[in-house]
Structures are given as C-alpha cells and as structure tokens.
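For each one, we set the value beside its definition and see what follows.

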Amino acid sequence: MRWLLVFFVLLWCAGPVEAKPRRVLIYTHNGTGYVHENIHASVDAMTAIAKQHGFQVDVSDDPAVFTSQNLKRYRVLIFSNTNNQAFITPEQRDAFQQFIEGGGGLIGIHSAAGSERDWPYFAHVLGGRFVEHPVQQTLTVSLADRASKITVGLPRTFEWDDECYFFSDRSPEAKILLTVDRAKLHGLEKMKLIHPEDAPVLLPVAWYQSVDGGREFYMGLGHRPESYSDPILVRLLDQGFKWVVGMAHS
C-alpha cells in the first residue's frame, strides 16, 4: 500500500497532464507567383476530415499566425496548396521550427512543396522541394507501400489526371507511398530546370516521415479542384491525417 500512496503523491505533485490540443490550422498563404484555383476545394476537404475526427479547425492565409504562443493551440499544421514565400519574418520561421521540434505535425498538399524554396529546413521537414513538372496529363499511379495504414483500401494502380512533380532535396528518411513511372510521362523534353533522366525512375508523389520530433505527410496530387471530392484522394488525405495526429500507426 505504501508504494501506491507514493505513486499518487508523485502524481498529485506533478500536476495535471496537459492533453494534446484537438485543433488544426489550415494555412493557405501564397507569396508572389502562381496561385492555385484548388485552394478552396482542398480547404473544404481537409476541414471535413479534421472535423470528422473531432478536431476544431482554423483557416488562415496570414503569416502573422506563426508565433510560438499561437501555435501551441494546434496539433497539426496543414499547408493546403501554399506556394512560394510562406513566411515574411525570421520569427515566423522560428515559430514553425519550434512547433515541429516540439512534436507538432505537418501535412503538405500539392503545391506546398513549392513553399519556402530558399529555406532548407522547410524542405527537410516536408521531405522534398518542388522543382518542375511536365504538362498535366493522365498518370498511372502505383502503390509503393501496400502495407501502410495510409494506403489501405487504395487500388494498387489507378489512372489520375494531374501534374507530376519532380523534386529536389528529397529526404532519405521519407517512406514513399505512391509513385509514377517516369518512362510513361510525356513532355519531358520541354522541361528546362532539371534533367529528367537524373530523377528516379519511379517518381514519388506521396510520402510520410517522422522528423525532428513531429510527424509529416505529403501528398503531391491534387492540382484540379474537383480531385478533392474523389474518393481515392479523400481516403488518402483522411488516412494521412490520422497517421499525423497519432490515430493510426504505419
């Protein structure tokens, strides 16, 4: 009985255990450059997914939300088709990095890989940086990891009309979920920024990783607004969300 009494005394002295917040921030800021027409559709899809799992949702395109104090309110940051410059001050970058290193989660959707192109830490956390893509076309997407909880229920291959991103700064720790065969793409001869033949034969289009104390999921598909009502993409985003917030193990 004495050990039980000691246990409760220690528990009482430690105070209440702070629960992880059940709130997510969907961030949509775009710097100077191309702004996707899919932002509202991606926000609506992620809002529905988060609420379905009992999370409150805030949506903002204002970089000023990135303060260390404000980010304590969130379990996950969702960069929903952000592009180019995501932050405007070093303090906002610091707040983002502190959030990740404190165990916060990150979900990047499509053009999020084109965010913060001159900040290596963002590519490190996201798992890669967008460089270029050939013309939009019908892709044959294949499951690279059929055992993952993130891809459960998806077809082994499926046809998908989208952009296929080429990436630099790919994280060696990121576990690839979906791929596209580079040899089946057309329009590569018009690409100017990279040499397509130097890219992997199987181009990654979705992945996940544990990084710097947090969890990250990236999905490179989703250029078209109507894609966010497709059951395949919705399932992928839903299961990626559950992994990032710790509701599923992969």
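Q: What makes the largest pocket a pocket, and what is its volume?
A: In this predicted model, the largest pocket has a volume of about 510 Å³. On a 1 Å grid over the protein atoms alone, a pocket is an open set of points with protein on both sides within 12 Å along at least five of seven lines, whereas a cavity is a set where a 1.4 Å probe fits but cannot get out. Grid points are joined across faces, edges and corners, and the volume is the space filled by probe spheres set on the points.

Q: Which residues line the largest pocket, and how do you know that they do?
A: A lining residue has an atom within 4 Å of a point. The lining comprises 22 residues, and Y74, F99, G102, G103 and G104 lie nearest the centre of the pocket. Two or more residues come from each of α3, α4 (90-101) and β11 (214-219), with α4 giving the most, 3 residues. Helices (H or I, at least four residues) and strands (E, at least two) are DSSP runs, numbered from the N terminus.

Q: Why is F66 called buried?
A: Buried means under 20% relative accessible area, exposed over 50%, and partly exposed in between (1.4 Å probe, protein chains only). F66 has a relative accessible area of 2%, so F66 is buried. Its place is in the loop between β2 (56-60) and α3 (68-71). Counting heavy atoms within 4.5 Å as contact, F66 touches residues including L25, Y27, F87 and F96, with those up to four places away in sequence not counted.

Q: What makes the phi of N81 worth a look?
A: Most residues other than glycine have a negative phi. The phi of N81 is near 60°, a positive value in a residue other than glycine. N81 sits in the loop between β3 (76-80) and α4, and its relative accessibility is 0%, so N81 counts as buried.

Q: Where does H110 lie, and is H110 buried or exposed?
A: H110 lies in the loop between β4 (105-109) and α5 (120-126). Its relative accessible area is 0%, so H110 is buried. H110 also has a positive phi, of about 50°, although it is not a glycine.

A note on the basis: residues are numbered from 1 along each chain as its sequence is written, and side-chain values use heavy atoms, with hydrogens and water left out. As this is a predicted model, local features need pLDDT of at least 70 and side-chain atom pairs count only at pLDDT 80 or more, while totals for chains, interfaces and linings use all residues.
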